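Colleague: I would like to go through this model with you, starting with a single residue and its surroundings. Could you take my questions one at a time?

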Amino acid sequence: MTQQLYKKTLIVGAVAIGVIAGVAIGFFAAHRMMGDMADMAAEQGGGPPLSQHASEMSGITQMDTKERPMQGMPGMSAAPSGAVAIPAVARQLIGVRSAPVTYASLRQEIRAVGTVGYDERGLTQVTVKTSGWVREVFVDSIGRPVRKGERLFTLYSPDILATQDEYLLAVRTQSQLAASPLAEVKANAGFLVDSSRERLHLWDVTDLQIARLERRGTAEPVLTVYAPASGVVLAREALPGKYVEPGTTLYEIANLSTVWISADVYESEVAAVKINQPASVTFAAYPGSTFPASVAYIYPSLNIEARTVRVRLELPNPGLKLKPGMYGNVTLQTDAVKTLVVPKEAVLETGLRQLVFLDRGEGRYEPASVKLGRRSQDDVEVLEGLTEGERIVTSANFLLDAESKLASASSMQAMMGRIGMADWQMRGAYEGKMEGMQEMGNMPGMGSMKGTVVAEIRQTGGFSLSLTTVPEKLKAGDVLLKLKLTDQAGRPVPNAQVLFVYTMPMPGMADSKVTAHHAKDGFYEGTVRFGMGGTWLVTVSVTVSGRPPIAEKFQFSVAGGGM
């Protein structure tokens, strides 16, 4: 008896596992086969129930909207595009969960990698202002710390030696003429002393050295040069016996008590960065330690290649722990703002827009486009598309998205059948091809569609745009678009960003886009796919640094045919 019960338990378990695996495989297969059909989903058209095969595969059925007429078109569904209904058992299997949209305090974090550098305001160069020879060097290595007033080297200069003798002579003359009854004579003697002293000052002779010179009464053959500031020696050119000329830099000294950190912030995050904004920095050399900093300057230029803006932070450097050249992880904190937020995992990024699924209750779900703002570690701000209290799906979104695409594709087929185009069949394939479109040109009322040659020149925004195609006579399939971009003088423009956005003006046909690359001499090329014969619209978007963006529309007539 026990053995029979054990066998029955194994059979029941195997059946349960097979059912769950079948549901998951069905969803993934549907998502892959119908991915391209989602771009043709009607924005405002509903559809009939899913086929029996899809229902058996996933256990999920589309909302039956046959009997609810759509506004403005008799016999059409008024249900939102892509809306689906999921039975309770299927919801449990795929783990659908939802949460309400609420107001919460949002603090955006901006993360970047920064590099430690010198505080440029603390850089000092030691130079000489007269020619001479270096005699003795006291600071003889790079990286050595020095204090202000510390001896650096001695210099023998014939000019300084002669000026010392002139000063001593002027001092002796002034003392001899102190008893003269002529005021003018005493004034001239004082003038000579002052001018000699000023010349010594200009050659960096200190008052203490001048006082010693007066007490000694004889000129010093060599002059000692002292450090003008405290810091670390970055460069040293003072060598014993070296001949120097006025302006020769012998030392570079940097004050490292305060350091700069340069970080690159993405263009989309620059608006949230402010002067004096608090920040924190961590370094791999000091795990577990966080260094407070603040934003001192935002550079006015943009890195064109990386699309980033450089931000400079200042922070104290006690103990000189931070070394120039170190990498640090910078985190900028923005002010907390109470706003409408949703969890990050609730948002589906489709490339052209962001979607969430609204929970309408009783297993009914509906996709909705939203406009997003700032992001924190867990939440994202919602600017448009949702209101407080609405419930949204926070898990299993990709499975709902797959079912929504299936529902939208079926709705498009039903709509075309109801308006007298029942012969148009949409078939998805793994490569996104559409077959059977060649019969469309022979349908009643459609006429014969033949590819046309388009070579049109547009003058706009100070530029000339000429768009051609390869092949010249278009038919359904891959087409190479070639744009020639020149300025008013006819010179090629090689540094533009060109985007081809193409669509077919019919319900449910979403925009597709291709980024063109620069071939040569102002020619930009990109391959688009015209899925079927008919009229196609191509919008050419051109962006040139420092100039307003340009958008020009071109219309193509494409012949039907295989792809």
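Colleague: Is L320 buried, exposed or partly exposed?

Modeller: This is a predicted model, in which local features need pLDDT of at least 70 and side-chain atom pairs count only at pLDDT 80 or more, while totals for chains, interfaces and linings use all residues. Residues are numbered from 1 along each chain as its sequence is written, and side-chain values use heavy atoms, with hydrogens and water left out. Buried means under 20% relative accessible area and exposed over 50%, with partly exposed in between (1.4 Å probe, protein chains only). The relative accessible area of L320 is 33%, so L320 is partly exposed.

Colleague: Where is L320 found, and what is its phi?

Modeller: Helices (H or I, at least four residues) and strands (E, at least two) are taken as DSSP runs and numbered from the N terminus. L320 lies in the loop between β19 (308-316) and β20 (327-333). Although L320 is a residue other than glycine, its phi is positive, near 55°.

Colleague: Is E362 buried, exposed or partly exposed?

Modeller: E362 is not a glycine, yet it has a positive phi of about 55°, and it sits in the loop between β23 (354-361) and β24 (364-375). Its relative accessibility is 76%, and therefore E362 counts as exposed.

Colleague: Which residue does V470 join through a cis peptide bond?

Modeller: The bond in question has an omega of about 5°.

Colleague: How many salt bridges does the count come to?

Modeller: A salt bridge is a side-chain nitrogen of Lys or Arg within 4 Å of a carboxyl oxygen of Asp or Glu. One of them joins the side chains of R199 and E166, at 2.9 Å from N to O. By this rule the count comes to 16.

Colleague: How many residues apart are R199 and E166?

Modeller: R199 belongs to helix α5 (residues 183-202) and E166 to helix α4 (residues 158-176), so that the pair links distant parts of the chain. R199 is partly exposed at 37% relative accessibility, and E166 is partly exposed at 38%. The two are 33 residues apart.

Colleague: In the salt bridge of K482 and E525, which residue is buried?

Modeller: The side chains of K482 and E525 meet at 4.0 Å, N to O. This pair too links distant parts of the chain, with K482 in strand β29 (residues 477-487) and E525 in strand β32 (residues 523-530), 43 residues apart. K482 counts as partly exposed at 24% relative accessibility, whereas the buried residue, with a relative accessible area of 18%, is E525.

Colleague: Which are the edge strands of the open sheet of 4 strands?

Modeller: Two strands pair if DSSP finds at least two bridges between them. The order of this sheet is β8-β15-β13-β10, with antiparallel pairing. An edge strand pairs on one side only, and the two here are β8 (123-127) and β10 (145-146).

Colleague: What is the bridge partner of V146 in β13?

Modeller: Strands of a sheet pair through backbone hydrogen bonds, either parallel or antiparallel. β10 and strand β13 (residues 231-236) pair in the antiparallel sense over 2 bridges. The partner of V146 in β13 is G231.
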